[in-house]
Amino acid sequence: MATHRRSVLAGSLASFLLSLVPARARTIAGKLPWHPSAGIPPAQTRPGGWEFFTAEEGATVEALVDRLIPPDPKFAGGKDAGCAVFIDRQLAGPYGSAQRLYMRGPFQDGTPQQGMQSSKTPAEQYRAALAALDKHCRATQSGKAFAALADEDKDKIIGALEDGSLELEGVRTPQFFDQLLQNTKEGFFADPIYGGNRDMVGWKMIGFPGARYDYRDWVERHNEPYPLPPVGIQGRPEWTPGG
Amino acid sequence: MTRKLPPVDAVIVGLGWTGSILAEALTRAGLNVVAIERGPWRDTSTDFPTTYAQDELRYRIRHELFLRPAQETMTFRNKTSETALPIRHWGSFMPPNGVGGGGVHWNAETWRFLPSDFRLKTHLTERYGNSILPPDMTIQDWGITFDELEPYYDRFEYLCGTSGKAGNLKGAKQANGNPWEGPRSRDYPNPPQRQPYGPTLFAEAAKEMGYSPFPQPSGNLSQAYTNPLGVTLGPCTYCGFCEWFGCGNYSKASPQTTILPVLLRRTNFEARTLCEVLRIDLDGSGKRARGVTYADSSGEMFEQPAELVLLCAFQLFNVHLLLLSGIGKPYDPNTGEGIIGKNYSYQVTSSVDAYFDQKNFNPFVASGSIGMCIDEFNGDNFDHSKLGFVGGGYMGAVQTNGRPLETVRVPKGTPQWGAAWKQAAAKYYLSSYQAVTHGSCYSYRDAYCDLDPIYTDSFGRKLMRITFDFHQNELKMSEYLTDRLAEIVQKMGPHHIDKKPRTGPYTITDYQTTHTCGGAIMGTDPTTSALNRYLQSWDVSNLFVMGATAFPQNAGYNPTGTVGALAFWSADTIVNRYLKDPGPLVRS
């Protein structure tokens with residue numbers, strides 16, 4: 001058993017390393033270039049502590065996501081759904097470092113129609129905005145950090161971020177709010193493999209059956225509730241006991 | 001240093017739909033063909049297997065299958081008085097990347113344009129007089145008729161296995177098909193897909209109002225099908241991961257599922273992936289292409305000489321390469337002279353969101369191109385004389401997906417966060433429905449592409465600059481279409497609707513469609529078009545340019561059916577006429 005476990009680990013490490021090697025130009029001729037397992041499956045988010053956030057930042061983001069999607073008696077809020085963990089892992093990865101984006105200068109502000117023009121990566125934007133938010137809260141809320149405020153006060157601050165009435169030093173607040181809200185909803189509804197949507201709470205809340213692949217028997221069952229529970233890319237927790 | 005490679009008969013830039021169609025035709029005719037593709041090799045079982053293709057975050061939100069703006073982007077501005085800024089993150093449209101191109105991640109809505117669309121300017125001025133057209137509108141006839149293109153629409157549909165119902169067979173109207181379509185020589189190769197609840201309700205409402213609803217023609221297959229090349233596709237399973245995704249079931253028509261298995265086995269074909277064509281090389285006369293220069297992923301440069309150069313990249317990149325290569329005269333909006341970059345156009349979409357009690361639409365039971373549509377308000381199917389605009393579009397209940405990040409919607413006025421949002425999201429995911437209009441976008445003097453004076457790509461090349469905004473004609477059209485759609489949706493019995501007509505200004509940030517058009521348009525006159533009716537460059541006769549690049553303006557339909565038909569039409573002309581007597585196919 002021990003040997004088996006080691007080989008599985010070695011295999012997953014190899015595929016992780018493989019995904020870091022840039023793809024190379026190639027010539028394809030004579031046949032379809034098919035190799036088993038040539039695809040790159042999604043990497044499962046590692047459990048454990050923050051990878052990008054500091055402890056303070058993590059606490060602030062947990063408090064933010066839990067007001068953006070508050071808990072209720074039936075469904076978890078953003079914090080327990082894992083939205084902050086999701087955002088942390090995204091910011092620690094290619095999304096956070098703006099790996100896909102055009103980041104050449106010169107940088108200048110444009111019209112809203114021209115879209116995001118910041119020279120900062122999403123990770124840098126979060127870092128700056130969270131620091132400025134913390135500074136603002138401590139200065140105006142009797143020295144308290146955002147996470148220590150009453151829900152009502154948290155909501156007031158979030159509302160002011162949304163409508164731009166709260167100016168934070170060096171931060172475009174409505175844009176940061178939009179990004180935070182989008183990332184929070186991503187954490188609530190994306191596949192659980194990315195660290196959010198814990199126990200598929202987002203999917204259960206709305207009635208989305210998840211990563212299924214065949215609804216042929218339900219196309220013409222009009223106006224009838226779909227009977228099967230949601231499933232993620234990794235299946236369902238009960239399919240992998242202890243996992 | 002650039003390495004010069006042995007010459008080939010034909011070099012293809014971009015191995016998507018049009019590149020694959022051309023490569024198949026030319027290798028069958030015995031030519032040695034090399035296709036150079038900027039993105040990676042992609043295939044069903046390895047790149048989008050059913051075990052993990054259903055990943056909204058990875059593909060829809062983080063854009064995994066698309067070109068990275070870091071690799072290549074454009075700059076954008078609404079009008080010439082503004083400074084264009086780079087599109088740093090895709091929004092309004094999604095440029096493809098990799099083998100299969102946009103054919104990998106399209107919704108597979110496979111339409112034909114109307115006969116009047118191809119002679120648009122003549123048709124509109126004959127019916128209404130010159131005064132109906134706004135003075136700055138620059139629409140043109142295509143130089144080809146629907147009847148000439150019909151056999152090639154047929155070829156593309158039979159290649160794809162398109163699932164639909166004919167509405168007009170050789171002039172005879174057919175029940176339950178689209179009565180407005182041009183006469184077709186035969187029915188679709190496969191019957192329509194089955195319809196879930198929303199489209200069914202929509203069709204009932206539309207019928208009650210006297211319209212003729214019909215199933216949207218779909219490149220997601222209603223049943224297993226073997227195409228004329230002997231490639232077999234499987235039936236669609238209505239999984240709801242179509243657009244933005246590759247299909248893991250071999251049931252969405254794409255180069256992978258219809259052409260590549262045959263093409264790749266031919267010994268006279270070769271694909272080079274992760275190789276970026278930097279320019280088309282001309283000889284001293286400037287009238288003949290010598291081939292192309294490209295860089296591979298390590299940065300090494302190659303010159304690939306070829307007798308024939310086929311520009312088959314996505315619309316935007318075809319125009320970019322023409323501008324970078326100095327082929328044709330760049331368009332100048334101040335004088336109206338020049339041609340490359342002229343008549344850039346888009347698509348005008350809108351929606352009506354409806355909220356119901358006691359209904360369950362199961363939005364996740366979906367396919368990119370199921371749905372019931374009406375065509376009463378497309379093109380010039382309705383009298384425009386008193387409407388104050390020209391153009392139109394199809395509208396319908398098109399159930400493309402129920403992916404939560406894209407589909408969760410709440411009534412206007414609901415907060416976007418907090419307890420109220422959460423309750424509304426939970427309440428309406430299953431019981432709301434979005435119907436859409438898909439409208440034309442005509443061309444204008446001030447909507448164009450040229451090279452940006454400031455921003456460059458990683459090769460130091462100037463980015464292409466897009467100058468584009470919606471015009472009053474299109475916004476009025478969208479308002480009118482959205483109102484008609486809302487009347488039908490209201491009949492479906494919602495307790496609340498939100499009408500969302502397209503409004504200006506055009507923004508690069510919100511996804512609308514990837515139906516960018518024009519920039520090297522086809523026509524009958526070299527002073528007003530870049531390509532002749534066979535998609536051959538007027539300036540460089542051994543260069544052909546495929547794709548929606550050639551559209552003089554956009555019609556109220558998804559463009560891929562017409563892009564595929566034009567590619568077959570051009571391929572036939574190259575094989576049957578050009579190769580026998582290379583040179584201009586139309587004398588200018």
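Hi everyone. First, some housekeeping. Residues are numbered from 1 along each chain as its sequence is written, while chains are lettered from A and ligands numbered from 1 in the order in which they are written. Because the model is predicted, local features need pLDDT of at least 70 and side-chain atom pairs count only at pLDDT 80 or more, though totals for chains, interfaces and linings use all residues.

So how confident is the predictor about chain A? Its pLDDT, the predictor's confidence in each residue from 0 to 100, averages 90, and 89% of the residues score at least 70. Over residues 1–20 of chain A, though, the pLDDT is below 50, and this stretch has two contacts in the model beyond near neighbours in sequence. By a contact I mean two residues whose C-beta atoms, placed from the backbone, lie within 7 Å.

Now let's look at where the chains meet. On the chain A side, 68 residues touch 77 residues of chain B. β1 (26–28), α2 (55–68), α6 (173–189) and α7 (201–206) of chain A each supply at least two residues of that side. Those labels are DSSP runs numbered from the N terminus: helices are H or I with at least four residues, strands are E with at least two. By class, the chain A side has 38 nonpolar, 14 polar and 16 charged residues. Here Ala, Val, Leu, Ile, Met, Phe, Trp, Tyr, Cys and Pro count as nonpolar, Asp, Glu, Lys and Arg as charged, and the others, Gly among them, as polar.

Strands pair across the two chains as well. Pairing takes at least two DSSP bridges between two strands, and three bridges join β1(A) to β11 of chain B (residues 269–273), running antiparallel.

A second open sheet in chain B has six strands, ordered β8-β17-β18-β19-β16-β22, with antiparallel pairing. Eight bridges join β16 (residues 348–355) to β19 (residues 432–439), and B:Asp353 is partnered with B:Gln434 in β19(B).

Let's finish with two helices of chain B, α7 (residues 146–160) and α15 (residues 560–578), which pack at an angle of about 110° with their axes 8 Å apart. Axes are lines fitted to C-alpha atoms, for helices over the stretch in contact, and angles run from 0 to 180 degrees between N-to-C directions. That angle makes α7(B) roughly perpendicular to α15(B); angles under 35 degrees count as roughly parallel, over 145 as roughly antiparallel, 65 to 115 as roughly perpendicular and the rest as oblique. Among the residues that meet are B:Tyr152 and B:Phe156 from α7(B), and B:Gly564 and B:Phe568 from α15(B). By class, this contact has seven nonpolar, two polar and one charged residues.
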